[in-house]
Amino acid sequence: MLTKAHLHKVLPYFPLLLFLLNIGLKLVYLTTAAIGHDEPFSIYHAQFGLGTIIRELAKGNNPPLFEIVLHFWIKLFGISPFSVRLLPALFACLCPVILYFFAKRNFSMRVAVASSLLLTFSDLLLYYAHDCRVYSLFVLLSLASFYYYFEVIDAKRTTILKQFLFVLFSTLLIYAHYFGILILVFQVLYLILFYRKQLLKMCIHYLVIFVLYLPCIFIVIKRFGVTAKCNWIEPPSGIESLYNMLWAFSNVPVITVICIAILLFTLIKIIVSKAYFKLKENSYVILILVWFLIPFFGMFFISYWIPMYISRYLIFALPAYYILLALCIENLFKKALYPNIV
């Protein structure tokens, strides 16, 4: 019989077991599907010199980080389908591990285990683990930026190394995908609401990030104008698009309906018990809400003017969705047994 003592012995090894589980799940069938969709774009450009990669990608909507990393990866491991897809697969394998440490550090062990396992079995992450594109790296860097963000804003946790890593991962994030800028915006909003004393110190970090990102600033502004005028993405189709996005986040329809029920029942319970007044006591929950809800609904409404509501553009909000589900389950049930079962 599995006792608490056994669990306490296993938990220190959980991150390693989680990584090995992800390796097993994400490397199986890695090359079953032929190279296709947008993969040839990244593979083709990654074979040029660094200067050419940067110049060519500046003409489109793709920052150069992934193709630069892929450039060196190809030099080391070749250009076979397995080789080029192994890189995004490894990024995807690391995502649940980082999420585990993030959730354990800022919430609870149960939330950490639940959310990291949900991300492990996410069909959306699995799909982009098998896609030689930037999106698994986008998720990984979003998690890394948020992890060190929480470490830096807490005066008791911060160190020079953590401040350096926050700046590093946040800069890499916006060089990986333009929507990484949203992550930094959410962080600044959170500072204004809850950590004003840290605002000046954090402004120095964001200034360094801005300076490091200067080569890309004018490209972003230019591409935004071009993309707004010419966009291949279809506008949303009402509430159906919201449901389909939640479906992409939840794997299959039956689980989607269960997740919607969990979110709604939690919301009702919070309203009835007036527990929303207690949210300020754990402001980290509010940042998770912002991380998920603003992209999920905000990009939906914006997409009626500038279409952008597709799952790969919202994938950076996927970890927040799973943390939110785990928090809701904890909130719904008082006895520890029931959240564990759910």
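Mentor: Start with one term: contact means heavy atoms within 4.5 Å. Keep in mind that this is a predicted model. Leaving aside neighbours within four places in sequence, Asn 106 is in contact with Phe 150, Arg 157 and Tyr 284.

Trainee: Where does Asn 106 lie, and what makes Asn 106 buried or exposed?

Mentor: Asn 106 lies in helix α6. Its relative accessible area is 8%. Buried means under 20%. Asn 106 is therefore buried.

Trainee: How many helices and strands does the chain have?

Mentor: The chain has 18 helices and zero strands. Of its 342 residues, 48% count as buried. Take the contacts between residues at least 6 apart in sequence: 76% of them join residues at least 24 apart.

Trainee: What makes Leu 137 count as buried or exposed?

Mentor: Leu 137 has 6% relative accessibility, and the cut-off for buried is under 20%, so Leu 137 counts as buried. Its place is in helix α9. Not counting residues up to four places away in sequence, Leu 137 touches Leu 65, Phe 66, Phe 91 and Ala 176. Leu 137 and Ala 89 are 48 residues apart in sequence, and their C-alpha atoms are 9.3 Å apart in space.

Trainee: How do you know whether Pro 319 is buried or exposed?

Mentor: Use the cut-off again. The relative accessible area of Pro 319 is 0%, which is under 20%, so Pro 319 is buried. Pro 319 sits in helix α17, residues 318-332. Beyond its neighbours within four places in sequence, Pro 319 is in contact with Leu 99, Val 139, Leu 143 and Trp 291. Its C-alpha atom is separated by 9.7 Å from that of Leu 140, 179 residues apart along the chain.

Trainee: Now the helix pairs. Why are α11 and α15 called oblique to each other?

Mentor: Two packed helices are described by the angle between their axes and the distance between the axes. For α11 (residues 180-194) and α15 (residues 283-302), the axes come within 10 Å and cross at roughly 135°. Roughly perpendicular ends at 115 degrees, and roughly antiparallel needs over 145. The angle falls between those limits, so α11 and α15 are oblique to each other. Their crossing is right-handed.

Trainee: Which residues of α11 and α15 meet?

Mentor: From α11 come Leu 182, Ile 183, Phe 186, Tyr 190 and Phe 194. From α15 come Ser 283, Tyr 284, Ile 286, Leu 287, Val 290, Trp 291, Ile 294, Pro 295 and Met 299. The residues of the α11 contact with α15 divide into 13 nonpolar, one polar and no charged.

Trainee: At what angle do α3 and α5 cross?

Mentor: The axes of α3 (residues 39-46) and α5 (residues 65-77) cross at roughly 65° and come within 8 Å. The crossing is right-handed. The contact is made by Phe 41, Ser 42, Ile 43, His 45 and Ala 46 of α3 and Phe 66, Glu 67, Leu 70, His 71 and Ile 74 of α5. Those residues divide into six nonpolar, three polar and one charged.

Trainee: Which residues of α3 are buried, and what do they pack against?

Mentor: The buried residues of α3 are Glu 39, Ser 42, Ile 43, His 45 and Ala 46. They pack against α4 (50-57), α5 and α6 (81-106).

Trainee: Which residues have the most contacts inside the largest nonpolar core?

Mentor: Leu 70, Phe 102, Phe 107 and Tyr 149 do, in a core of 101 residues. Helix α9 gives the most to this core, with 14 residues. Leaving aside neighbours within four places in sequence, Phe 107 is in contact with Phe 102, Asn 282, Tyr 284, Val 285, Ile 288, Ile 323 and Leu 327.

Methods. Residues numbered from 1 in each chain as written. Predicted model: local features only at pLDDT ≥ 70, side-chain atom pairs only at ≥ 80, totals over all residues. Heavy atoms only, no water. Axes fitted to C-alpha atoms, helices over the stretch in contact; angles between N-to-C directions. Helix = DSSP H or I, 4+ residues; strand = E, 2+ residues; numbered from the N terminus. Left-handed = near helix turned anticlockwise from the far one by under 90°. Nonpolar A, V, L, I, M, F, W, Y, C, P; charged D, E, K, R; others polar. Buried < 20%, exposed > 50% of the residue type's maximum accessible area, 1.4 Å probe, protein only. Core = buried A, V, L, I, M, F, W, Y, C linked by side-chain atoms within 4.5 Å. Parallel < 35°, antiparallel > 145°, perpendicular 65-115°, else oblique.
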